[in-house]
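Thanks, everyone. Please bring the model up on your screens. I will walk through a few places in turn.

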Amino acid sequence: MAIDWTILDKIQSMLSSGFMDWLMPKITMLGNAGIIWIIIGVVLLISKKHRKIGFLVLVGLLMGLIIGNGIVKNLVARPRPCWINKDFNMLIPIPKDYSFPSGHTQASVIAATILTFYRKEWGWIVVPLATGIAFSRLYLYVHFPTDVLGGAVLGFTIGLVTYYAGNKLIDAILKKRQRGESL
C-alpha cells in the first residue's frame, strides 16, 4: 500500500498544474458511467457493417458492470485515497462507491480491447483514450494505482473473453439461422 501512496504523491508533485487541473476532470468525465464507450458501442450498433462489434462492446461493458462494479468492488470494499486523505483539494465530486477496481479503467480497457481486436488501426485512437481516462483517476486522487491496474487486468480479461466467446456465439447463431434451424 505504501507504493500506492508514493505513486500518487509523485504524480501530484511532478505533474500538478493549472492546465492538468483543467484537463483531467474533462478526460475523466468521458469515462463516467462508461459514457464514451457506450456511445461508441451504440454508434457501431447502428451501422450494419459494424453491428456485431457494437453489440460486443455493449455486452462487454455490461459484463464489467456486473463483475467489477457489482461484485468485486463490494467484496473488496477498499476505501478511496480521497476518503483516507481528506486534505486533498478535490477537482471532482468525491465518488461514493468503493475504489477497487477502477470502473473507469475497467470499462475503458474492455472497450479498447474489443475495438482493437476487431480493427487493429482503431487501437491508435482507443488505447490512448483509455490510458488517459485511467491516468485521470490517479491524477484526480480517486483511485490508487493498484485500483487502476486491477481495473485494467479485469477489463482486458473481460474484453478478451467477450470478443472471442461473443464472436463464436454470434457466428453459431447466424449459421443456425441461415440453415433455418430454431435457436
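Start with Trp83. Leaving out residues up to four places away in sequence, Trp83 touches Ile94, Pro95, Lys96, Asp97 and Tyr98. This is a predicted model, so please keep that in mind throughout. Trp83 sits in helix H5, which covers residues 81-84. Is Trp83 buried, exposed or partly exposed? Its relative accessibility is 24%, so Trp83 counts as partly exposed. One more distance here. Trp83 and Tyr141 are 58 residues apart along the chain, and their C-alpha atoms are separated by 9.6 Å.

Now stay with Asp97, one of the residues that Trp83 touches. Asp97 has a relative accessible area of 35%, so Asp97 is partly exposed. Which residues pair with Asp97? Take Arg80. Arg80 and Asp97 form a salt bridge, with the closest N and O atoms 2.7 Å apart. Arg80 is in the loop between H4 and H5, and Asp97 is in the loop between H5 and H6, so this pair ties together parts 17 residues apart in sequence. Arg80 itself has 2% relative accessibility, so Arg80 counts as buried.

Then take Lys73. The side chains of Lys73 and Asp97 also meet in a salt bridge, at 3.7 Å from N to O. Lys73 belongs to helix H4, while Asp97 is in the loop between H5 and H6, so here the parts tied together are 24 residues apart in sequence. Lys73 is at 2% relative accessibility and therefore counts as buried. The general point is simple. Side chains of opposite charge can pair when their charged atoms come close.

How many salt bridges does a search of the whole structure find? Six. Let me show you another. Arg78 and Asp4 meet through their side chains in a salt bridge, 2.7 Å from N to O. That pair links distant parts of the chain. Arg78 is in the loop between helix H4, residues 51-76, and H5. Asp4 is in helix H1, residues 2-15.

Arg80 and Asp97 are 2.7 Å apart at their closest N and O atoms. Elsewhere, salt bridges with shared partners join Asp4, Arg78 and Asp147 into one network.

Next, the helix packing. Look at H3, residues 35-46, and H6, residues 103-118. How are H3 and H6 oriented to each other? Their angle is about 30 degrees, and their axes are 10 Å apart. Angles under 35 degrees count as roughly parallel. H3 and H6 are therefore roughly parallel to each other. The H3 side of the contact has Trp37, Ile40 and Leu44. The H6 side has Ala107, Ser108, Ala111 and Leu115.

H6 also holds Thr105. Its relative accessible area is 2%, so Thr105 is buried. What does Thr105 touch, beyond residues up to four places away in sequence? Ala134, Val148, Gly151 and Ala152.

Take Ile46, which lies in H3. It is at 63% relative accessibility, so Ile46 counts as exposed.

Now zoom out to the protein as a whole. It has eight helices and zero strands. From the N terminus on, the order is α-α-α-α-α-α-α-α. Along the principal axes, the C-alpha atoms fill a box of roughly 65 × 35 × 25 Å. There are 183 residues, and buried residues make up 42% of them. The accessible surface comes to about 10100 Å². Carbon and sulfur atoms account for 71% of that surface. Last, the contacts. Take those between residues at least 6 apart in sequence. Of these, 78% join residues at least 24 apart.

Asp97 pairs with Arg80 and with Lys73. H3 and H6 are roughly parallel.

Key. Residues numbered from 1 in each chain as written. Predicted model: local features only at pLDDT ≥ 70, side-chain atom pairs only at ≥ 80, totals over all residues. Heavy atoms only, no water. Helix = DSSP H or I, 4+ residues; strand = E, 2+ residues; numbered from the N terminus. Buried < 20%, exposed > 50% of the residue type's maximum accessible area, 1.4 Å probe, protein only. Axes fitted to C-alpha atoms, helices over the stretch in contact; angles between N-to-C directions. Parallel < 35°, antiparallel > 145°, perpendicular 65-115°, else oblique. Contact = heavy atoms within 4.5 Å. Areas by Shrake-Rupley, 256 points an atom, 1.4 Å probe, with all protein chains shown as cover. Salt bridge = Lys/Arg side-chain N within 4 Å of Asp/Glu carboxyl O.
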